[in-house]
Amino acid sequence: MPTANRTWIKLLAGAAALAVAAVAYFTLTAQQAAPSVTFTSLDGQKFTSESLKGRVVMVNFWATSCVTCVKEMPQMTETYNKYKDQGLEFVAVAMSYDPPNYVLNYAQTRKLPFKVALDTQGELARSFGDVKLTPTTYVIDKEGKIIKRYVGEPEFSQLHKLLEKALAA
């Protein structure tokens with residue numbers, strides 16, 4: 001095989017490798033838009049994810065039967081109270097298997113200060129990537145892009161740093 005042909009093959013292989021690397025880089029670093037959904041709060045009020053744009057939002061999928069969810073909820077409340085005046089919105093989404101009367105009782109007795117939504121048909125969980133494990137928490141920036149997903153209890157000091165950065169943006 002002539003040297004010129006080998007050089008072209010090497011150049012084409014190198015270009016192809018660069019193209020694959022570029023696609024992988026941009027796919028992995030691109031932030032995913034939060035799904036367009038409608039939440040239904042405990043009192044039956046409906047609100048959309050679009051109505052929350054312009055604010056940093058935490059969407060926390062939880063259940064009253066989830067030990068970790070119950071354990072983290074006081075810290076979630078503290079986090080919300082710490083950042084709500086800076087523009088943080090928080091939606092606690094009860095999983096479809098969680099009886100609505102349990103959720104209502106929990107929210108009332110703990111005086112949860114943020115929005116609590118019911119996902120009676122599992123549509124919200126499916127929209128957010130088919131959430132099955134609780135707690136699962138999404139942090140969404142002011143433009144409506146998911147900037148972080150936590151499965152399990154987050155490291156709250158790291159979560160607070162992320163929120164501060166997103167709120168300042």
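A charge sits over a ring if NZ of Lys or CZ of Arg is within 6 Å of the ring centre and within 35 degrees of the ring normal. This is a predicted model, in which local features need pLDDT of at least 70, side-chain atom pairs count only at pLDDT 80 or more, and totals for chains, interfaces and linings use all residues. Residues are numbered from 1 along each chain as its sequence is written, and side-chain values use heavy atoms, with hydrogens and water left out.

Q: What makes K148 a charge over the ring of Y150?
A: The charged end of K148 is 5.4 Å from the centre of the Y150 ring, and the limit for the distance is 6 Å. K115 is placed over the face of F47, also with a value of 5.4 Å from the ring centre.

Q: Why is the pair of F39 and F47 called stacked?
A: Rings of Phe, Tyr and Trp (its six-membered ring) pair if their centres lie within 6.5 Å; planes under 30 degrees apart count as stacked, over 60 as edge-to-face and the rest as tilted. F39 and F47 have 5.1 Å centre to centre and 25° between the planes, so they pair and are stacked.

Q: Why is the pair of W62 and Y106 called tilted?
A: Their ring centres are 5.2 Å apart and their planes stand at 50°, so this pair is tilted. W62 belongs to strand β4 (residues 56-62) and Y106 to helix α3 (residues 100-109), so the pair ties together parts 44 residues apart in sequence. Helices (H or I, at least four residues) and strands (E, at least two) are DSSP runs, numbered from the N terminus.

Q: How do you know that W62 counts as buried?
A: Buried means under 20% relative accessible area, exposed over 50%, partly exposed in between (1.4 Å probe, protein chains only). W62 has 0% relative accessibility, so it counts as buried.

Q: What makes C66 and C69 a disulfide?
A: A disulfide is a pair of cysteine sulfur atoms within 2.5 Å. The sulfur atoms of C66 and C69 are 2.4 Å apart, so the pair meets that limit. With 80° about the S-S bond, this link is right-handed, and both C66 and C69 are buried.
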